[in-house]
Amino acid sequence: MRAVKIPREKTVELHDVPIPEPEKGWVRVRMKASALCRSDLFRYHGDKVFDDTGDESYITPGHEPCGIVEKLGENVSKVKEGDRVAIYLALGCGVCEHCLSGNTVLCSKFKCIGFALDGAHADYIVVPEECCLPLPDEMDYITGALSTDVGGTLYTACKRIGITAARTVAVFGVGPMGMGGVLMAKAFGAKVIAVDVNEERLALAEELGADHTVNSAQTDAAGKIKQLTKGVGADAAIVCSGVNAAYNGALDCTKKGGSVACIAETHNITIDPSRQLINKRLNVMGCWYFNNCDWKELTQFILEKKIPLSRISTRTYDLEEAEEAFRRFDSGMEQKVVFVWQ
């Protein structure tokens, strides 16, 4: 079978490798859609996302997939051959409080497909049956793939910061995750302000429902948002860009007692905790992925609200075009890039 490998910095290769066999409790899934993620670009640039994954150079990337269950290992009982599934990216110990509550990403023994073990930018993947999430019949594969990392993360963030029709939400950074934030917040009924430095992204955010857009390269975003909210500030903000300006803009624009969801990965920002957090009594939380117990609720929400998640995908590729797909995604020329199989 074909599998993408990143053996060294800015090098994407397509290798011919054996089709994997599922072990006890695992299944083999034939891929139908696998989305590229900004996390994949960490590997593309020679950086690591997780400190304990060892040598990733021959690990197949890809952690936002959908496909069809093709073969079962021994003692598999929760899925059957032919099932359409999305795949939950996390493997855990299965017995700790986090795994038992559905928050496997918090397990101390957490492993992520595409980093610690082979991921989904390949013709087939093997995963534990617990990672298989049933895909509704009405949902296409691209939407299913985007419903995991993008949809699941932003749906969970909106719930955690209490988004309702009575609230105004500022989304900082409208790349793929931020665009998902615009879609989800609008589906919850909120007034949405999209903030970015890219006019094309802001135009798409407006098409997808943003009530206002702010180019933070041309104006003070926090000041503009306070103007749009009659001096009060946004009820909540979602940070989907890891730059210093985005984090500070979100903290500055959010009203006293408001909430900020931090999604963008970053290792080096500077904030003023007293002025921006403590004295405003802000509720600031890290939002990483979703609880796998919420999958049915999440997919029903997407279908019932007719959320056009597939609009975030601006380009699809065959696996043979992997090098170009990574290059264009890295350049910022595309929003979400998805590998698809016929």
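Colleague: Is Thr-168 buried or exposed, and what is its relative accessible area?
Modeller: This is a predicted model, in which local features need pLDDT of at least 70 and side-chain atom pairs count only at pLDDT 80 or more, whereas totals for chains, interfaces and linings use all residues. Residues are numbered from 1 along each chain as its sequence is written, and side-chain values use heavy atoms, with hydrogens and water left out. Thr-168 lies in strand β10, where helices (H or I, at least four residues) and strands (E, at least two) are DSSP runs numbered from the N terminus. Buried means under 20% relative accessible area, exposed over 50% and partly exposed in between, with a 1.4 Å probe and protein chains only, so Thr-168 counts as buried at 12%.

Colleague: Which residues does Thr-168 touch?
Modeller: Contact here means heavy atoms within 4.5 Å. With residues up to four places away in sequence not counted, Thr-168 touches Lys-191, Ile-193, Thr-229, Ala-234, Asp-235 and Ala-236.

Colleague: By how many degrees are neighbouring strands of the open sheet turned against each other on average?
Modeller: The open sheet has 6 strands with parallel pairing, in the order β12-β11-β10-β13-β14-β15, and two strands pair if DSSP finds at least two bridges between them. β12 (212–215) and β15 (283–286) each have a single partner strand, so one side of each of these edge strands is left without a neighbour in the sheet. With direction ignored, neighbouring strands are turned against each other by an average of 15 degrees.

Colleague: At about what angle does α7 run to β14?
Modeller: Axes are lines fitted to C-alpha atoms, for helices over the stretch in contact, and angles run from 0 to 180 degrees between N-to-C directions. α7 lies across β10 (168–172), β13 (234–239), β14 and β15, and its angle to β14 is about 145 degrees.

Colleague: How are α6 and α7 placed relative to each other, roughly parallel or roughly antiparallel?
Modeller: Helix α6 (residues 221–228) and helix α7 (residues 244–253) have axes that come within 8 Å and cross at roughly 30 degrees. The contact is made by Ala-222, Ile-225 and Lys-226 of α6 together with Gly-249, Asp-252 and Cys-253 of α7. Angles under 35 degrees count as roughly parallel, over 145 as roughly antiparallel, 65 to 115 as roughly perpendicular and the rest as oblique. α6 and α7 are therefore roughly parallel.

Colleague: How many nonpolar, polar and charged residues are in the contact of α3 with α4?
Modeller: The axes of helix α3 (residues 141–160) and α4 come within 9 Å and cross at roughly 50 degrees, and the two helices are therefore oblique to each other. Among the residues that make the contact are Val-150, Leu-154 and Tyr-155 of α3 and Met-177, Gly-180 and Met-184 of α4. Ala, Val, Leu, Ile, Met, Phe, Trp, Tyr, Cys and Pro count as nonpolar, Asp, Glu, Lys and Arg as charged, and the others, Gly among them, as polar. By class, the contact of α3 with α4 has 8 nonpolar, 4 polar and 1 charged residues.

Colleague: Which elements do the buried residues of α10 pack against?
Modeller: In helix α10, residues 322–331, the buried residues are Ala-322, Ala-325, Phe-326, Arg-328 and Phe-329. These buried residues pack against β1, β2, α1 (38–44), α4 (176–187), β16 (313–317) and β17 (336–340).

Colleague: Which residue takes a positive phi in the hairpin of β1 and β2?
Modeller: Strand β1 (residues 2–8) and strand β2 (residues 11–16) pair in the antiparallel sense over 5 bridges, with Arg-2 standing opposite Asp-16 in β2. The hairpin has 2 residues between its strands, and the positive phi, near 55 degrees, is taken by Lys-10.

Colleague: How far apart in space are His-45 and Arg-8, C-alpha to C-alpha?
Modeller: His-45 is found in the loop between α1 and β4 (65–72), and at 26% relative accessibility His-45 counts as partly exposed. Residues up to four places away in sequence aside, His-45 touches Glu-9, Lys-10 and Asp-330. His-45 and Arg-8 are 37 residues apart in sequence, and their C-alpha to C-alpha distance in space is 8.3 Å.
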